[in-house]
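Visitor: Hello, I am new to this structure. Could you pick one part and walk me through it closely, then show me how the rest relates to it?

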Amino acid sequence: MDFFDYMLVLSKYALIIFSLIVIERALRSMLSEKYDDEIWAYVRSGKERVPVCHWENLIGRSPSADIRVYAPGISGVHAVLCRNDKGQWKIYDVFSRGGVWINQLQAGYGGAPVRDGDVINLAGTRLTFIELEGEKIGKLEKKRSVAGSRVFPAVTLVWLTLFQSTLLMQLLMSCEPDYSGRISLAFVSVIVLQWLCFTAMRMINKSGFELETLAFFMTSIGISVAASSTPEDMYKHSILVIASVFLFILFGWWLRNLKRASSMRVPFAMIAGVLLALNLFAGNSIFGAKNWLTIAGYSFQPSEFVKVFYIYVGASTLERLYMRQNLYAFVGFSALCVTALAFMGDFGSALVFFVCFLVISFMRSGSIATVVLSISSAVIAGLMAVSARPYVAQRFATWGHAWEDVFDKGYQQVRTMSAAAAGGLFGKGAGSGWLQSIVAANTDMVFGVVSEELGLLIALSAVLAIAAIAVFAVRSARHCRSAFYSIAACASVTIMLAQMALNILGSMDILPFTGVTFPFLSRGGSSLISCWMLLAYIKGSDNRREASFVVRNAENYTRPEDPRLKDEGVSRDPKPAEVKKA
Amino acid sequence: MKKITRRAISVLLIMALVLFGVGVYVVRLLEYGDSWALYFSRLNSGSSGVLHDRNGELLAEFSRNGSFYAEDALTRKACFHILGDYEGRTGSGLIPAFTEGIKDYSIFTGTTHSQDYEFNLTLDAALNRAAYEAIGEDREGAVLVCNYRTGEILCIVSAPSTDPLFYDPDPPAGTYINKCLNATFVPGSVFKLVTSAAAIETVSNIWDRQFFCEGEGEIAGVKIACVDPHWTTNFRTALSNSCNYAFAQIAVTVGQDNMKRYVKEYGFTDKHELNGITTAAGNFETAYMGDPELAWAGIGQWTDLICPYSLLRYVCAIANGGTLIEPYIIEGTETQSVQLMNPSTADTLRDMMRFNVTDHYGEDRFPGLAMCGKSGTAEVGDGTNNSWFTGFLDDEEHPYAFVVLIEKGGYGLADAGSVANTVMYTAVRK
């Protein structure tokens, strides 16, 4: 053992320690920090005052209503009380039996504006609406715990930087001297980028950085895979990373404004449709699936971007959800996407879309029947696909028997398994594996490449990172201002989870091999960009105080001028009703 | 909101499924990781290897960049059995033997990098090619040549062979077996060399004995056949004429205990190791034999089976005055010498084998070679013969011992003998 060998061994252990610290700190920060609800208004009934914690609140008798009202005549789901970006409130009667009145005027299905002091009459039960002004909201905000106050994100980022530096050192020890410059550049640019991001967020007083940290963590592993497999392309990869983060911020900023975001549903659906159509008719085929599109010399996978649009179309605000109870439009759009992907031969992506569809439709409808029906029709469609496409049938035939045909049908799986096992817990060192030289290893078999070069522990920490993001998204979803953000965040992590599962289990012969990318890890511009854009959705669900740049600070909203303030005699009904904060 | 976000639990359900799947993978990795990793052990260990023959000719090279064989097809075929292949289609061979050495695996470290190999073999690829061509495309058999003074193996050829670059899914039987090392055959008359050694050491009046053969004779009422009547022979001429009846009587005189002891002592029933390749063990009846069975066993029939490699060791020891220099094929292997037989016995046998050529086979069959040999034509039992010729050159400049086996048909001297002549001629001329 010479000096280099000692350094390599030492750096392998260091890498694992750094990655575990990063994951642990991010997880602790995301799960242990207190998550207080925002308070936007109150609803008073007699002496009791119930806070209104979201921008979209369900009022009704149901135990899962946000504002639970027990009184005769109240439906389980009675009304939806909404606020928009400008701070204007509206109440919608969502097909209640008893009806909704504001100051004796019936609020129709189109919704009626509600202002401070208005009496909301729900089938005879009267509630007074108390709107909060900016100053008061700000005061209440101060009571909420600030994100990043327990686990300092800067410290986590220092650990991440150590992780990246160690990774770079390993790569420099193994790479060809010609490429060391490019590889260094990629790592330096990602390190600079993450600190720039962090500084920018601090400057606008945003302190939640766990999601970005985890994404940068995985992106760095992805850079290592790219440096190992295609070192000559590192300039391009650096640019892709920068572009991804840029689009993440841009898209996050776009999502800040709920009205702007939710009004673009139809145009986005059309863009998605056009992309898929272009792909179907003008796409080219790489490795079996015709899911590539080349425009002006640049190849990309439209299906990756369609994911982002798909979630956009699927997510919905609460009032809209109740006003239009059917899912037909969305089901139709989903069927279109999945069918188009199946026609391209991209069954992996079709499956990812389908799982995402299940989650969105379940969240929207709450109907197990829908889920069962969807799954069974998908199974039938899948069987038809298997019988129509011989190469899909062949993949199913190989499933579980990869070792029986090492040179042909099980070629990729057995090599992934063998190389992954050869890496052991600590890996062979970044850039020192052989699996990367196999076609599509750095995308579809990336889990094997990471296992071989960086070891099982790092590979599993990437799994853990995705799982952490998923748990965080589910946790945040409860505190979102709008259902749009909740559904989008949940759908995003679902896509990440589904891709991760298909990638790992497919290449390890536990599921049929479908050739799906691992979020953030797999090489490929479309995949990386779409993952960062999906992250923006999750960022939009992070409603901790001063946490996310996608969420505007509550105290920045001022109460709009009430046109009626000059008017007199806003009636207040003192009649009490039993009101409870749900 | 609550109503919607409660349903987010479905995401956790999916996550649980995914993590369960990853758990299944980890469990399978713990269970099968070693066999997964070792399947591509050459790649996984990062080892590389280069094999040259004794003259620096490249025979095989492997690294992460790929696996290569010799450039010409004849060399690839002639050396196929001793090298083996990268895909593991042949069980034995140097390539699999080397990769055996890099099979270090644990879940913690994965496969560990072992050293890189760069070996010169003692093998002479040109001699291998000559031997492979001498056997010919339509015959099957084996040729072994060894320097009995140094133990260097010069030639190992097994036929039928195949080109490892072009995988034949339906090869002729025996293609993937190295007949030199990993197979056993009925020895027939070459086994008389063993019976002779036992007789020299255990039968005091062996030189005074006379044998009479009319083309056949009886041992305890059972007929022992000879090819021709040999009439009156003594021990020496009985060997040169390969008289079955005479050796049947000698074997009975030696007795089965002595026969079994010597066969064992000379290593015919043991496995040997040639640089990591384990050879096949032969067979000699261990149960009690009646005189007729013993007689047949003494002339290399009955249940006798020998591996060509153990016969090579035996003739090497005879040629080297009773001391066997253990053969090896990788240059630089530490040599071991074994006192396989008494020097006087070895000298006697050497003289007798030289006498075989001068008296019976004819020196003109082996022009220019100081040939000492023994032929054999063994009845396999299915009506075909194994023809053998084994021996060595009594020549200090060319101290080569050899074993030639031609299967299925032919006669020892005519078939195996002429191959031996070609191979020895090539070896000497170089």
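Predicted model: local features only at pLDDT ≥ 70, side-chain atom pairs only at ≥ 80, totals over all residues.

Guide: Let us begin with a term: a residue is buried if 20 or more other C-beta atoms, placed from the backbone, lie within 10 Å of its own, exposed if 12 or fewer, and partly exposed in between. Residues are numbered from 1 along each chain as its sequence is written, and chains are lettered from A and ligands numbered from 1 in the order written.

The part I have picked is chain B. Its C-alpha trace spans about 115 × 50 × 40 Å along the principal axes. Of the 430 residues of chain B, 54% count as buried. Chain B has 15 helices and 19 strands; helices (H or I, at least four residues) and strands (E, at least two) are DSSP runs numbered from the N terminus. Among the contacts in chain B between residues at least 6 apart in sequence, 65% join residues at least 24 apart.

Next, the domains, whose bounds come from an automatic or database assignment. For chain B, that assignment gives domain 1 as 43-101 + 108-122 and domain 2 as 128-429. The C-alpha centres of these two domains of chain B lie 31 Å apart. Domain 1 of chain B brings 21 residues to the contact between them, and domain 2 of chain B brings 25. On the domain 1 side, the elements that give two or more residues are α4 (73-78), α5 (80-83), α6 (94-101) and β6 (117-120) of chain B. The largest share of that side, 6 residues, comes from α4(B).

Y309(B) sits in helix α13 of chain B, which runs over residues 308-319. Is Y309(B) buried or exposed? Y309(B) counts as buried, because it has 30 C-beta neighbours inside 10 Å. Leaving aside neighbours within four places in sequence, Y309(B) is in contact with L144(B), C180(B), L181(B), H272(B) and T279(B).

Two backbone details in chain B deserve a stop. One is the peptide bond that joins A159(B) and P160(B), which is cis, with omega of about 5 degrees. P160(B) lies in the loop between β8 (153-159) and α8 (192-202) of chain B. The other is W231(B), whose phi is positive, about 55 degrees, although this residue is not a glycine. W231(B) belongs to strand β12 of chain B, residues 231-234. With 13 C-beta neighbours inside 10 Å, W231(B) counts as partly exposed.

From here, look across to chain A. In all, 34 residues of chain B are in contact with 47 residues of chain A. On the chain A side, the elements that give two or more residues are β3 (56-60), α12 (347-365), α15 (411-423), α17 (456-477) and α18 (483-507) of chain A. The largest share of that side, 11 residues, comes from α18(A).

Chain A also has a positive phi to show you: N103(A) has one of about 45 degrees, although N103(A) is not a glycine. N103(A) lies in the loop between β7 (100-102) and β8 (105-106) of chain A. N103(A) is partly exposed, because 17 other C-beta atoms lie within 10 Å.

Y42(A) stands opposite I130(A), a residue of β11(A).

Finally, a word on confidence. Chain A has a mean pLDDT of 87, and 94% of its residues reach 70 or more. Over residues 566-576 of chain A, though, pLDDT stays under 50, and the model has 11 contacts beyond four places in sequence for this stretch.

Note on methods:
Contact = placed C-beta atoms within 7 Å. Pairing = 2+ DSSP bridges. pLDDT = per-residue confidence, 0-100.
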